[in-house]
Amino acid sequence: MRPPLSLYDNYTRTLREFAPLDASAPVGLYTCGPTVYDYQHIGNYRTFMFEDVLKRVLEWNGYRVRHVMNVTDVGHLTSDADTGEDKMEKGARRTGRTAWEIAELYTQAFVADLKLLNIEDPAVLCRATDHIAEQIAFIADIEKNGFAYVTGDGVYFDTSKQPDYGYLARLDVHGLEAGKRVEQGDKRHPTDFALWKFSAPGEKRQMEWDSPWGRGFPGWHIECSAMAQQYLGDFFDIHCGGEDHIPVHHTNEIAQTEARVGTRLANFWMHGYFLILNDAKMAKSSGEFLRVQSLIDRGYDPLAYRYLCLTGHYRTQLNFTWDALDAAATGLERMRQGFFALPRDGDVDGASVERFAACVNDDLNLPRALAVAWDVLRGDLPGGVKRATLADFDRVFGLGLATWSPKTVDVPDAIRALADARLAARQAKNWAEADRLRAALQRDGWEMEDRADGYALKRKG
Ligand code: AMP
Ligand code: ZN
């Protein structure tokens with residue numbers, strides 16, 4: 001018997017059994033996507049992989065999933081207090097390109113990285129700038145319902161009108177109000193946030209639109225409320241993002257949606273915890289960050305990073321080190337080699353699948369699920385059964401085990417000639433010559449292993 005799927009919902013702060021809101025429809029899944037003012041770093045991809053694994057676990061349990069992801073290509077300010085600059089306009093200045101060009105460039109780079117990490121494409125990848133009209137209509141409804149006010153620099157959400165504002169993050173709204181630690185400009189309350197910002201007088205923004213309130217651009221949070229509602233409806237199954245989204249971005253998405261349609265947008269709110277680098281937060285804005293390409297440049301297969309992420313539970317932070325990535329690369333290599341050597345003549349092992357289900361359905365416990373996979377690989381089930389069982393698990397892991405094959409190394413002719421000469425020397429029991437030739441091969445970076453029927457050549461190191 002497969003245990004039911006339980007997921008940790010940050011809204012209720014409980015582990016809840018998952019049941020789709022509408023059993024006849026696909027599970028609705030919305031995940032906050034990249035802000036495309038720069039490349040995404042491997043920390044961002046930890047969250048995207050957690051979401052990919054969640055989607056795969058849902059599918060593994062027999063659900064169909066409709067996955068919607070946004071691309072933030074306008075409105076994400078450098079400060080959460082609505083005072084900073086638009087990251088896109090800043091990115092444009094940094095690169096000497098237009099905001100529209102960098103949005104396109106980094107969106108394409110993101111899509112390419114998803115492939116490298118074996119992250120399945122969302123069914124819908126929607127850009128904020130393609131949904132300005134929907135965002136304006138959303139804000140107009142919020143205003144009509146009495147939750148908005150206009151200041152000199154924008155339209156703001158009045159959080160004091162909502163008694164449960166900040167519930168997701170268990171925010172101490174009154175404490176914030178009393179302390180007024182947050183830079184608040186013309187806002188009435190520290191937790192109020194921009195729905196629409198006016199272009200500054202005299203400033204020509206690259207991205208700006210007309211609205212009933214004045215020319216400008218949407219706030220960051222409204223894009224997700226608007227696009228999620230458009231593609232998934234007023235109340236859908238699961239909404240995800242990184243842990244940093246809990247106190248501001250998701251809190252505000254919920255406030256906006258409550259103000260418009262009276263729901264908290266999603267039934268489950270799930271968050272991936274951060275990847276940290278040398279115990280410090282990995283942030284694009286700090287300037288130094290690792291990309292998927294940085295791993296490739298150092299000779300790693302991007303899927304080694306995927307394997308590394310599977311070794312940590314998504315609700316705990318993961319500290320990135322090169323040693324940890326080395327260990328993951330070795331684990332992945334061994335798993336691939338082991339899988340590759342298995343025959344294709346078996347069926348899945350029911351007992352192992354049950355053990356696996358007990359892990360992945362327990363709030364995505366992938367570290368334990370990986371351990372079950374190793375038990376299968378090392379255990380004494382028939383080879384074909386092992387293969388079929390691991391292939392089934394890999395629908396969740398996404399390590400591409402079934403498509404992998406060992407790289408055949410190209411051996412240069414001169415090296416082949418040395419190896420042949422050494423084989424001949426060995427067969428003639430001319431040990432001195434055989435040793436000399438082996439040393440020559442080693443100097444050129446090759447290791448020769450003697451086999452009963454000949455030899456094998458491997459690159460050293
Ligand atoms: P952004 O491009 O900043 O909008 O972030 C894209 C996604 O990555 C969001 O879900 C963030 O919460 C998430 N994220 C940002 N930094 C990290 C990190 N260091 N580790 C894991 N996820 C992160
Ligand atoms: Zn979002």
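## Ligand 1 and its shell

A nitrogen atom of ligand 1 has a backbone N or O atom of Gly43 at 3.1 Å. Such a polar contact is a pair of N or O atoms within 3.5 Å. The polar contacts described here are tabulated below.

| Residue | Protein atom | Ligand 1 atom | Distance |
|---|---|---|---|
| Gly43 | backbone N or O | nitrogen | 3.1 Å |
| Thr35 | polar side-chain atom | oxygen | 2.7 Å |
| Asp244 | polar side-chain atom | oxygen | 2.5 Å |

The protein buries 95% of the 490 Å² that ligand 1 exposes when taken alone (Shrake-Rupley method, 1.4 Å probe). Helix H1 (42-60) and strand E10 (236-242) are the elements that each give two or more residues to the shell, and H1 has the largest share, with four residues. Helices (H or I, at least four residues) and strands (E, at least two) are DSSP runs numbered from the N terminus. Around ligand 1 there are 17 residues, among them Leu275 and Thr47, which belong to the nearest (a heavy atom within 4 Å). By class, ten are polar, five nonpolar and two charged.

The model is predicted: local features need pLDDT of at least 70, side-chain atom pairs count only at pLDDT 80 or more, and totals for chains, interfaces and linings use all residues. Residues are numbered from 1 along each chain as its sequence is written, chains are lettered from A and ligands numbered from 1 in the order written, and side-chain values use heavy atoms, without hydrogens and water.

Conventions:
A polar contact is a pair of N or O atoms within 3.5 Å; within protein, one must be able to donate a hydrogen and the other to accept it, and residues adjacent in sequence count only if both atoms are side-chain atoms. Ala, Val, Leu, Ile, Met, Phe, Trp, Tyr, Cys and Pro count as nonpolar, Asp, Glu, Lys and Arg as charged, and the others, Gly among them, as polar.
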